[in-house]
Structures are given as structure tokens and as C-alpha cells.
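Here are my notes from going through this one, written as numbered points. Keep the 3D view open and follow along.

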Amino acid sequence: MMSEHPNPLSDMVSFYIGCSFGFEGKLRKAGVPVRNVEQGKNVSMYRTSVLCVTAGVFSCPLVVTMRPIPANMLDAAVEVTYLTPLAHGAPVHIGDAALLGIQDLSKPNYGEVVELQHGDVPVFWACGVTAIEAVVCSKPSLAFCHSPGSMFMTDVPDSDSINPSHPKVKPELTPLCFQISHDPLLYSLASRAAVDRIRQLETVIGEDPGQRGIQTLFVQDELLHSCLALSHASSVVITTGFPTHYMHNPPEETDGPPGAFAMATMLLALGKQVTMLTDRRALDMNRAIMDEAVRTGILKAAIPLVTYEDTGPHSALHFLCHHGDPTKPRYDHLVAIERSGRAMDGNYYNMRGINIKHLLDPIDDLFIAANDIPGITTTGIGDGGNELGMGKLKERVISLMPKGSLIACDVPADCAITAGVSNWGGYAVACGLYLLHTCPSHQRYLKRGLGPEQDKPPEQLQDWTANLPSVSKEECFLSTLVRFGIRSGKTANLAMEVDGLTFHPTHSDIISRLLRVTFGSTTQSP
């Protein structure tokens with residue numbers, strides 16, 4: 001080797017890459033236990049199935065370190081490491097290692113096994129050993145690398161690595177941590193600024209001008225958790241349909257479809273696969289409504305529209321999973337908005353206590369089955385407690401809502417978003433997804449820290465505003481529903497109203513306020 005390269009260092013360049021060891025002292029000062037130090041071991045390092053962004057001849061999988069962190073200290077660990085960008089910054093994954101392609105935490109590719117203690121969550125940071133993988137994959141004739149865990153010690157105090165004035169460090173972008181799935185275990189990150197905006201959206205939609213008492217069912221951050229889970233999703237089913245006007249044809253109401261289409265538009269813009277699910281009875285009408293929505297510019301293209309039929313004990317499993325295999329889900333998020341939900345006696349009731357079961361397909365079965373399928377999250381959006389997914393709030397509905405003991409939905413969703421009108425919940429989800437899409441902290445986490453970190457130029461953000469609900473777009477779609485004979489939920493009026501509230505000024509004002517929250521006071525809303 002040396003005879004082939006008599007002076008091997010003369011034409012070589014050395015690179016010094018930040019190391020996660022650089023933030024361990026700060027973790028300890030913040031009271032966060034560092035298990036590898038406690039156990040006297042080198043940190044665990046794993047080769048993932050996540051491919052780095054190719055740069056010239058360099059192409060390799062991402063290598064990560066794993067540190068067990070107590071669940072109640074995740075926010076502290078995230079904040080400390082975010083403020084240390086030269087030591088890889090905030091985590092790139094929190095939760096189930098299998099989501100990174102790591103099958104066994106007891107078999108690290110580098111370093112030593114670090115044991116999790118009771119209540120710990122595995123937290124993963126980008127690792128400088130990725131550079132070794134890149135060098136090896138490029139197959140150079142000669143290269144020198146450090147041994148993993150044997151690092152170069154500088155004379156720069158670690159206090160200097162935490163610099164709030166660093167261009168990558170902005171206090172308002174400090175990430176907060178939220179659990180969005182139990183099976184598989186998954187947490188997500190979003191900046192303080194984005195979280196605050198989404199909570200403001202939740203406050204706006206919680207207003208109750210129809211005086212239905214929906215504020216008594218409110219649970220904070222259901223909107224936030226749903227938006228985060230949807231941001232991580234790849235294939236989403238949206239269902240709506242509340243045939244409350246059983247004496248009319250069609251029996252549907254104007255609440256539900258506008259919110260469903262608003263969510264679908266944003267999800268499609270984010271690159272998600274979206275499927276709309278409806279009752280067989282209403283299939284032709286909803287297909288015609290969708291075609292009209294495309295013609296009028298509400299939708300850019302028709303969305304797949306399907307139905308569900310209970311043909312046997314495994315129908316739901318086969319609908320949700322490829323070949324009925326629960327390890328291969330076809331969808332990873334189900335959303336029901338203003339969809340009539342099954343009550344405790346197996347019937348379906350409107351707010352007047354009238355049973356409308358004969359007008360509905362058993363779509364509730366899909367939400368029940370999804371509860372036992374790892375990797376599928378569910379959201380329910382409602383304004384009365386009798387909607388699909390509101391089973392999560394069943395006890396409150398029974399005790400606090402009129403006729404609650406009869407009408408309360410018995411089928412829960414993972415996230416139960418309540419709103420003064422269900423459409424508003426759909427609008428808020430669309431706005432929340434936009435906020436996450438424009439949140440650098442969340443986007444970095446979604447990308448596992450890979451790729452360039454840069455703010456989107458204003459012209460790109462302006463293009464994205466077309467995917468948000470707007471007063472003109474929602475007014476146009478409501479007029480389409482009215483032309484199809486769909487009536488207001490509370491009054492049965494065939495008019496420009498939803499749940500007895502006229503589009504102007506009530507609904508138009510809510511939409512405008514949601515957009516103002518989304519864009520803040522310094523940006524022009526569409």
C-alpha cells in the first residue's frame with residue numbers, strides 16, 4: 001500500500017464532521033439521561049434503509065446513532081440538540097426502529113448495544129459514520145477514516161456549538177415532539193410557530209354560532225395530531241355522507257363534502273394518494289358532483305371514488321389491506337368528516353334521534369378493523385357527537401349533548417376533531433397541512449434530515465395557496481351541491497347555507513379567518 005502511495009497525505013484533503021457526542025454534555029446539563037454514558041458503552045450506530053441524497057460519486061444509506069430517552073424528556077432532548085446544529089442538530093426519527101429499516105436494536109452495525117430502560121423511547125440522530133459509508137461505496141483507491149466512536153477532539157468549547165444566532169437556529173423553529181402512532185410507535189416534530197398556528201386554527205373552528213354545544217366536546221390538539229399523522233401518510237381514504245333528510249331525495253346535507261374536498265385537494269398537492277369512499281346508494285350522484293367540481297376548477301382532476309360492502313367476516317380486512325394481509329395495509333390513514341356514525345345499539349341517528357340506518361353502508365367496520373392493523377391511523381371530524389369517529393368522546397356526548405345517550409357514536413377514531421360545523425374542520429386540516437409543509441423543522445424531520453435545508457421562495461408558496469380553501473372556491477362548490485338538490489342539515493333549506501347558517505357572512509368569515517391565521521398578519525391571503 002505505501003509503495004503504491006509513497007506520500008499518501010500530500011494530495012489528500014481532510015474533512016471534520018460534527019459528531020453527536022458534541023451534544024451529550026448539554027443533554028446531561030438539561031437533566032436528560034445519556035444511557036450510553038451511564039452504561040459505559042460506545043453509542044449504538046445503525047445502517048438504515050434510508051438512502052442519502054446522491055452527490056457525485058457518493059451514494060450510500062444513512063447511518064444513525066440511537067439514544068434511549070425517557071418519553072417525558074423528549075421535548076428537552078429535541079430542543080437541546082436542535083440548538084446544536086454542528087453536532088447534527090435535532091433527531092431525524094423518534095420511535096420504532098423498523099421504520100428506518102433497522103430490524104434489531106440489539107445488533108448495531110457500529111458501536112455497542114445500549115439498553116433501553118423502562119419508559120425510554122429510541123431516538124435517532126444522523127451520524128458522521130454516514131461519511132464512512134459514502135467513502136466505502138465510492139470505492140476510492142485510498143482513504144483514511146476514523147474508527148466509529150473514536151473521534152477527533154477539538155479545542156473549541158462545546159458551549160460555542162450552541163449559538164442561537166446560527167443561521168440554522170431560530171427560536172420560533174424550535175421543534176416540539178408529539179406522539180402520532182402507538183403501533184408502530186412514532187413521534188413527529190413541528191416548530192413552536194407551526195404548532196401555535198394550528199392551535200389557533202383549532203380555536204377558530206371551535207366557535208359555535210349554531211349553539212349546538214359542541215365546545216363541551218373539545219379536546220386540545222386533536223387537529224394537530226391529525227395533521228401530523230396525515231403529513232406522514234402516503235395513502236388516505238376520505239369518507240363523508242350524512243343522509244339526515246331521509247324524507248328527501250337526495251337525503252344528503254351540505255355539511256361534509258366541502259370539507260372532504262378541501263382536505264383531498266391539499267393532500268393531493270402534497271403527493272399523497274387519495275381515495276374517496278361513499279355509499280353505494282350515492283355513488284352516481286357523488287361521481288357527477290366530482291365531475292362538476294373538476295369542470296368548475298374546484299378539483300384539478302377526478303379522485304378515485306369507491307364503495308364498501310360487507311360480504312363476510314373479512315371484508316374490512318380485504319378492503320384495507322393487500323390480499324387481506326394486515327402487514328400490508330393499502331391505506332395508512334382513514335378520515336371521516338360529517339359521516340353518520342354507528343350508535344351503541346347498532347343504529348345510526350340524526351340529531352333529532354331518527355334512525356337512518358337504511359341509507360348507510362357499514363363504513364364504520366373499516367374504522368373498527370383499522371384499530372387492529374398496525375400502520376393505519378384514523379381521524380373523525382364532527383359537530384354533534386353522532387358522527388363516525390366521535391366514539392372517542394362518547395362519554396362526553398352521552399352526558400353533555402341532547403339525546404346523547406341515543407345518538408352518540410360508538411366507533412372511535414385516533415383523532416376526534418370537533419368543530420362548530422364539520423366543514424370547518426376539513427378546512428382547518430387543509431390549512432394545518434399547509435403550515436406543516438412550510439415548517440422547516442417538520443420538513444427536515446420528514447426527510448430524515450436529508451437534502452438541502454432552505455426556505456421556499458415566495459413564488460413557490462404563492463402556487464401552494466391555490467390548494468387551500470378560499471371563499472370563492474367554497475361558495476362555488478356549495479352552489480354546486482345546491483344544484484344537485486343537497487340541503488342544509490339543520491333546516492332542510494335548499495339554499496346557500498350549511499347547518500342553518502348562511503354562507504355569507506358566517507361560513508365566508510370562518511374561511512377568511514382560517515386563512516389569516518395560516519398566513520399571519522404579514523402575508524396576503526388568497
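1. Start with I238, which stands opposite V335 in strand 10. Keep in mind that this is a predicted model. The strands to look at are strand 7 (residues 235-241) and strand 10, which pair in the parallel sense over 6 bridges. As background, strands of a sheet pair through backbone hydrogen bonds, either parallel or antiparallel.

2. Now turn to strand 11 (residues 377-382), another partner of strand 10. Strand 10 and strand 11 pair in the parallel sense over 5 bridges.

3. Is strand 10 (residues 333-339) mostly covered or mostly open? It's mostly covered: 7 of its 7 residues are buried. So strand 10 has strand 7 as a parallel partner, strand 11 as another parallel partner, and buried residues along its run.

4. There is also an open sheet, made of 4 strands in the order 1-2-4-3, with antiparallel pairing. Its edge strands are strand 1 (44-51) and strand 3 (93-94), and each of these pairs on one side only. Strand 2 (residues 61-70) and strand 4 (residues 120-126) pair over 7 bridges, in the antiparallel sense. If you want a landmark there, find P70: its bridge partner in strand 4 is D120.

5. Next, the rings. A pair of aromatic rings is described by the distance of the centres and the angle of the planes. This structure holds 5 aromatic pairs. Take F261 and F477: their ring centres are 4.8 Å apart and their planes sit at 20°, and because stacked means under 30 degrees, this pair counts as stacked. F261 belongs to helix 7 (residues 257-269) and F477 to helix 16 (residues 471-483), so the pair ties together parts that are 216 residues apart in sequence.

6. Y308 is in the loop between strand 9 (305-307) and helix 9 (315-320), while F319 is in helix 9, and the two are 11 residues apart. Y308 counts as buried at 3% relative accessibility, and F319 is buried too, at 14% relative accessible area. Ring pairs link Y308, F319 and Y331 into a cluster.

7. Last, have a look at the second largest pocket, with a volume of about 410 Å³. Which residues lie nearest its centre? They are L186, H232, A233, D332 and G375, out of a lining of 20 residues. Strand 5 (175-182), helix 6 (222-232) and helix 14 (440-446) each supply at least two residues of that lining. By type, the lining divides into 11 nonpolar, 6 polar and 3 charged residues.

Notes: Residues numbered from 1 in each chain as written. Predicted model: local features only at pLDDT ≥ 70, side-chain atom pairs only at ≥ 80, totals over all residues. Heavy atoms only, no water. Phe/Tyr/Trp six-rings, centres within 6.5 Å; stacked < 30°, edge-to-face > 60°. Buried < 20%, exposed > 50% of the residue type's maximum accessible area, 1.4 Å probe, protein only. Pairing = 2+ DSSP bridges. 1 Å grid on protein atoms, 1.4 Å probe; cavity = no way out; pocket = protein on both sides within 12 Å on 5 of 7 lines; lining within 4 Å. Points joined across faces, edges and corners; volume = space filled by probe spheres on them. Nonpolar A, V, L, I, M, F, W, Y, C, P; charged D, E, K, R; others polar.
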